[in-house]
Amino acid sequence: MDNSKVVENIYLLVIVTLLSVLQNAFFAHKVEKECQHNKTPAFQRLSCASRNCMDVYPTFLAVMWCAGLCLSQAPAAFAGLIYLMVRQKYFAGYLGQTSQSTPGYLFGKRILFFLLLMCVVGILNYLLVRFCSRNYKEYIDTITSAASTLLLIP
């Protein structure tokens, strides 16, 4: 398999990953900027939000990449973009009261579950192809593409 074919299969996932790195840099900059104000309550909230986002970050990357590689790149990347927007909302919610971050937290959990489900379905389809010679990839792609738009519903 040549390099152009490999990149064609993962470029959306790479773009979302790079955007997530930029977002992490933004979060770190915000925390560092607030740190200069002698550990105010705002610093404590931003630091907590940043820590929470970083705790879930490896899980997000793992399920997004697995879903994209095992099943379908476009819905996984779309869910990844939505997750980044939700994570931004979660982080911004911490700038006010911590209760304002709850909707972002719950929505983020739902997106991670969707990506995990995509991984499991992709693996099950692979096992069906491998051991039963049945391929349901077309049906699964259609359902996944339609279901990924449902992620926009709060």
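Phe 26, Phe 27 and Phe 91 are linked into a cluster by ring pairs. Rings of Phe, Tyr and Trp (its six-membered ring) count as a pair if their centres lie within 6.5 Å; planes under 30 degrees apart are stacked, over 60 edge-to-face, and the rest tilted. This is a predicted model: local features need pLDDT of at least 70, side-chain atom pairs count only at pLDDT 80 or more, and totals for chains, interfaces and linings use all residues. Residues are numbered from 1 along each chain as its sequence is written, and side-chain values use heavy atoms, with hydrogens and water left out.

Back to the rings. The structure holds five aromatic pairs. One of them is Phe 27 with Phe 91, stacked, at 4.0 Å centre to centre and 20 degrees between the planes. Phe 27 sits in helix α1 (residues 3-35) and Phe 91 in helix α3, so this pair ties together parts 64 residues apart in sequence. Helices here are DSSP runs (H or I, at least four residues), numbered from the N terminus.

Buried means under 20% relative accessible area, with a 1.4 Å probe and protein chains only.

Next pair. Phe 60 and Tyr 83 have ring centres 4.5 Å apart and planes at 20 degrees, so they are stacked. Phe 60 is in helix α2 and Tyr 83 in helix α3, 23 residues apart. Both are buried.

Now α4. Its 31 residues should span 45 Å at 1.5 Å a residue, and the end C-alpha atoms are 44 Å apart, which agrees. The expected span is 1.5 Å times one less than the number of residues. Buried residues of α4 include Phe 107, Phe 114, Met 118 and Cys 119. What do the buried residues of α4 pack against? They pack against α2 (41-70), α3 (73-95) and α5 (137-149).

Look at Asn 125, in α4 (residues 102-132). Asn 125 counts as buried because its relative accessibility is 7%. Leaving out residues up to four places away in sequence, Asn 125 touches Arg 134, Asn 135, Tyr 136, Lys 137 and Ile 140. Contact means heavy atoms within 4.5 Å. After α4 comes Ser 133, with a positive phi near 55 degrees.

Last, confidence. The chain averages a pLDDT (the predictor's confidence in each residue, from 0 to 100) of 84, and 92% of the residues score at least 70. Confidence is lowest in α5, at a mean of 77, and highest in α3, at 89.

Key. Helices (H or I, at least four residues) and strands (E, at least two) are DSSP runs, numbered from the N terminus. Buried means under 20% relative accessible area, exposed over 50%, partly exposed in between (1.4 Å probe, protein chains only).
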